[in-house]
Amino acid sequence: MEFSDEILLHILSYVPCTDLVLNVRRTCRKLATLCLDKSLTHTVLLQKDYKVNKDKVKQLMRDIGKEIYQLNMAGCYWLPSSTIDHVTRCKNLVKLNLSGCHVTSLRLSKMLSTLQHLRSLAIDVNPGFDASQLSSECKATLSRVSELKQTLYTPSYGVVPCCTSLEKLLLYFEILDRSREGFMLSGQLMVGESNVPHYQNLRVFYARLAPGYVNQEVVRLYLAVLSDRTPENLHAFLISAPGSFAETGATKNLLDSMARNVRLDALQLPKAWINGSGLLQHLKFNNPFYFSFSRCTLSGGHLIQRVINGGKDLKSLTSLNLSGCIHCLAPESLFRKAEDDIDSSILESLVVSCCNLRHLNLSAAHHHSSESIGNHLCQLLSRLKHLLSLALPVCSITDVAANVEKPPTASNLVPQTFGRKVRIGIQTYPRNLSDLVNQKIDSSVFWALLRSLRFLETLEIIGSSFSSAMPRNEPAIRNSLPPCVRAQSVGDSEVAAISQLTYLQSLTLAQLPNIITGSGLINIGLECQHLRTLSLANLGMMGKVAYMSALMDMLKHCKCLRDLRLEQPYFCAGAQFFQALSHCSSLQRLCIVSRSGTLQSDAVMSFMANCLEVIMCHMFMGESLTVCKNLQQSIVRSFQADRPALNVVIFPLLHEDLTEVIRDVPMRHLDEITLFKSRVAEEPPNLWW
């Protein structure tokens, strides 16, 4: 308490606002004054305050409502819709994020009518939304909003037509093709003068589509206005669409108009709009900070000529997504196989031109380095000293010399399937870091890469042919493709190399076939003390979880771990596993996906009782529907009252109704942990606050 006010304010900034106002403020007069300082009450973040409830929000708004200028309640799915009524006390709100909250048209109208200073808004548009219920006062507020983020669960323009001063528009399309009753939905909207979006001041347009044809139909209606007249100040145009999203005459006119009239700083387009077209040759860029060519067949030659342009004006680029761009490091794609060696000169040009990259995604492709000395992909990437997040395919980190000199061992030749077991000799691996260092550190290019990227915060190493058993809108995938031949030697020693990353916060490892004991995981647990998110999938041989012992040892050291996702066939979630997991005192979310996996109900209940912070438990295993339902009901009955945000889904992975169960999972959990995907450079940095 003898610290200066400045130091105490800095310390208090790490305390959740509800705690400050409702608890800390009541301890003494000095803290009572400091807790109401404008630096602490100006911005209130409730989006991951899982202990907040309706009464706490009510009291918070009553005490400091007038002092709040930015309020983030994104993903507070557990709060009843009546909670939103208390936001009306925040008369001075400038930014408001209600994504993932239950808000009806009438409640939205009542709330916005009182927020005359609002300039930034994020909401969901659910079935039943009716824009005609919005009052004139509400529409007046919306007319002044310059930033809008809108998540659509039903075909609708939402509040977009009311926002006549839009400068930033973010659209998330989460519309399912079928209703709960099984009826096919239509993407048609009411078209009229009052429903026309106003884009004349637009600077940023972003659209992310979930799988489904209805989402594509609806986004075309939003784009139709843009194709008529492209905003002169548009500097970021981004559309993220899975699968095939065909180009139409209207979208072609839009792209042609953009090529003539605007200079972009950020660009992402569906692959069909780029593949085989000369679009990139005509688009003009100002000071680009984000490019995504995910899943495009863009060749390295075109990338260098049309985008990098000899290195001009690319020092500003901080985020680049080339995920699934299988030919992006090759001079041409016409006669090239996806598994052919990369052209190191293209990667070198990329590294030299984009020397300030902070986020780089090269996953979902076979990037095989040649035998040329000094031209390995890892050696070239080590020059990018500013990298904070990196995603690579497993086959790209292997040492070329090791693959050339040593023929595949018996264990490497075993197919990664669920067929008849093959009896093989197991190579012995050291269980401590020093032995691994002595073996690998002198020669391994991957060890050297991570040694040069000591400030890396996010790392993803994902097999180029890996696909999760948890797809979005389809039944669970029953068969997986074998790993790349070049990836066969990647195992425990490469995992141990990751322990050099002292500041690592998020780690994803998927389809590393040569994991024998998992000893490298222990080293990560010991050295990476800032690790908050861990995702492991299909490590080692598929018929056995060989790394279970090492994983349990690792978890005992992960005191900061908040999110854990495990996807592995035949995973046994038993008493020993949950006992080890109970050491993760900060754990909030757990997801286990396992074909033919088993669980012990009493072990799960004991774990939930010991780990008081856990608010999400998703398990998709091989157990019967009865076992799953009984366990889910037991967890909810026992812990829901003390954990208002508790979300439990325990369900057979291969059950035909899995997709119906998935649609009820809160989008925050579904998007951030339950569904597997590469998240590096998925969106531009700081897209939304």
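Trainee: How many helices and strands does the secondary structure of the protein come to?
Mentor: This is a predicted model. In the protein, the secondary structure comes to 26 helices and 22 strands.

Trainee: What radius of gyration does the protein have, and why does it agree with a compact globule?
Mentor: The protein has 689 residues, and a compact globule of that length would have a radius of gyration near 26 Å. The C-alpha trace spans about 75 × 60 × 60 Å along its principal axes. The radius agrees with the globule value because the protein has 26 Å.

Trainee: What percentage of the residues in the protein is buried?
Mentor: Buried means under 20% relative accessible area. The accessible surface of the protein comes to about 28800 Å², and carbon and sulfur atoms hold 50% of that surface. Of the 689 residues, the buried share is 54%.

Trainee: Among contacts between residues at least 6 apart in sequence, what percentage joins residues at least 24 apart?
Mentor: Contact means heavy atoms within 4.5 Å. Among the contacts between residues at least 6 apart in sequence, the share joining residues at least 24 apart is 78%.

Trainee: How far apart do the centres of the positive and negative side chains lie?
Mentor: The protein has 68 positive side chains and 58 negative ones. The centres of the two sets lie apart by 3 Å.

Trainee: Is the pair of Phe205 and Phe237 stacked or edge-to-face?
Mentor: A search of the whole structure finds 15 aromatic pairs. In the pair of Phe205 and Phe237, the ring centres are 5.6 Å apart and the planes stand at 20 degrees. Planes under 30 degrees apart count as stacked, so the pair of Phe205 and Phe237 is stacked.

Trainee: Which strands hold Phe205 and Phe237, and are these residues buried or exposed?
Mentor: The pair links distant parts of the chain, 32 residues apart, with Phe205 in strand 7 and Phe237 in strand 8. Phe205 has 0% relative accessibility and counts as buried. Phe237, also at 0%, counts as buried. The strands are therefore strand 7 for Phe205 and strand 8 for Phe237, and Phe205 is buried, as is Phe237.

Trainee: Are the rings of Phe245 and Trp273 stacked or tilted?
Mentor: Phe245 lies in the loop between strand 8 and helix 9, and Trp273 in helix 10, so the pair ties together parts 28 residues apart in sequence. Phe245 and Trp273 are buried. The ring centres of Phe245 and Trp273 are 5.5 Å apart and the planes are at 35 degrees, so the pair is tilted.

Trainee: Which residues form one aromatic cluster?
Mentor: One aromatic cluster is formed by Phe571, Phe577, Phe578 and Phe607.

Trainee: Leaving aside neighbours within four places in sequence, which residues is Gly374 in contact with?
Mentor: Gly374 is found in the loop between strand 12 and helix 14. Gly374 has 34% relative accessibility and counts as partly exposed. Leaving aside neighbours within four places in sequence, its contacts are with Gln379 and Leu380.

Trainee: What phi does Arg295 have?
Mentor: Most residues other than glycine have a negative phi. Arg295 lies in the loop between strand 10 and helix 12, and at 38% relative accessibility Arg295 counts as partly exposed. Although Arg295 is not a glycine, its phi is positive, about 65 degrees.

Trainee: Where is Ser596 found?
Mentor: Ser596 is not a glycine, yet has a positive phi of about 65 degrees. Ser596 is partly exposed, with a relative accessible area of 44%. Ser596 is found in the loop between strand 19 and strand 20.

Technical notes: Residues numbered from 1 in each chain as written. Predicted model: local features only at pLDDT ≥ 70, side-chain atom pairs only at ≥ 80, totals over all residues. Heavy atoms only, no water. Helix = DSSP H or I, 4+ residues; strand = E, 2+ residues; numbered from the N terminus. Rg over C-alpha atoms; globule rule 2.2 N^0.38 Å. Buried < 20%, exposed > 50% of the residue type's maximum accessible area, 1.4 Å probe, protein only. Areas by Shrake-Rupley, 256 points an atom, 1.4 Å probe, with all protein chains shown as cover. Lys, Arg positive; Asp, Glu negative; His and termini not counted. Charge placed at Lys NZ, Arg CZ, Asp CG, Glu CD. Phe/Tyr/Trp six-rings, centres within 6.5 Å; stacked < 30°, edge-to-face > 60°.
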